[in-house]
Amino acid sequence: MAHFTRIDKNNIVQSVHVVDNQNLLNEQGVEEEDFGIAYLNKVHGVGLTWVQTSYNGNFRKNYAGVGATYDKDRDAFIPPKPYASWVLNEDTCRYDPPEAYPSDGKKYIWNEATKAWEV
């Protein structure tokens, strides 16, 4: 199964749709994103913007969930920024905290007010 996102005019993911791989095959039996888009246009009508996403993160960096942003320049899906202090990691296209998650085996949550991990 292939996964496609419907994005709005601001490139924000509005929904994720599953498409049978058979609907992506070209004349040579090779999967093509454009064929999936054509299928979705047939089902939902033209005028919507579709971008394929990878459930495994094999392309476009991250699997796109509702609320993620599609960055055309990076050709990547970027999840919503969880906290104001977190910074986009250009390699992963995910947000990193200003302080690494502790590795002592305890469970922590981020406290944005103190900008620190708390048990």
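**View 1. Trp 110 is buried, with a relative accessibility of 6%.** Buried means under 20% relative accessible area, exposed over 50% and partly exposed in between (1.4 Å probe, protein chains only). The model is predicted: local features need pLDDT of at least 70 and side-chain atom pairs pLDDT 80 or more, while totals for chains, interfaces and linings use all residues. Residues are numbered from 1 along each chain as its sequence is written, and side-chain values use heavy atoms, leaving out hydrogens and water. Trp 110 forms an edge-to-face aromatic pair with Trp 86, at 5.8 Å centre to centre and 80° between the planes. Rings of Phe, Tyr and Trp (its six-membered ring) pair if their centres lie within 6.5 Å; planes under 30 degrees apart are stacked, over 60 edge-to-face, the rest tilted. Because Trp 86 lies in the loop between E5 and E6 and Trp 110 in strand E8, the pair ties together parts that are 24 residues apart in sequence. Helices (at least four residues) and strands (at least two) are DSSP runs numbered from the N terminus. Trp 86 is also buried, at 12% relative accessibility.

**View 2. Tyr 83 belongs to a cluster of linked rings.** The structure holds nine aromatic pairs. One of them joins Tyr 83 and Trp 110 in a tilted arrangement, with 6.4 Å between the centres and 50° between the planes. Tyr 83 sits in the loop between E5 and strand E6 (87–89), and Trp 110 in strand E8, so this pair connects parts that are 27 residues apart in sequence. Tyr 83 itself is partly exposed, at 30% relative accessibility. Ring pairs link Tyr 83 and Trp 110 with Trp 86, Tyr 101, Tyr 108 and Trp 117.

**View 3. Arg 60 takes part in a salt-bridge network with Glu 33 and Asp 75.** A salt bridge is a side-chain nitrogen of Lys or Arg within 4 Å of a carboxyl oxygen of Asp or Glu. Five salt bridges are found in a search of the whole structure. Between Glu 33 and Arg 60, the closest N and O atoms are 3.0 Å apart. Glu 33 is in helix H1 (residues 33–44) and Arg 60 is in the loop between strand E3 (49–53) and strand E4 (69–71), so this bridge ties together parts 27 residues apart in sequence. Glu 33 is partly exposed, with a relative accessible area of 23%, whereas Arg 60 is buried, with 15%. The salt bridge between Arg 60 and Asp 75 has an N to O distance of 2.7 Å. Asp 75 lies in the loop between E4 and strand E5 (76–78), so the parts joined here are 15 residues apart in sequence. Asp 75 is partly exposed, with a relative accessible area of 34%. Salt bridges with shared partners join Glu 33, Arg 60 and Asp 75 into one network.

**View 4. Glu 112 lies in the loop between strand E8 (109–111) and strand E9 (116–118).** Its side chain meets that of Lys 115 in a salt bridge (3.7 Å, N to O). Lys 115 is partly exposed, with a relative accessible area of 41%. Apart from residues up to four places away in sequence, Glu 112 touches Tyr 83, Ala 84, Ser 85 and Trp 86, where contact means heavy atoms within 4.5 Å. The C-alpha atoms of Glu 112 and Trp 86 are separated by 9.3 Å, and these residues are 26 residues apart along the chain.

**View 5. His 3 is located in strand E1 (residues 2–7).** His 3 is buried, at 13% relative accessibility. Beyond residues up to four places away in sequence, His 3 touches Val 16, His 17, Val 18, Gln 52, Thr 53, Tyr 55 and Tyr 63.
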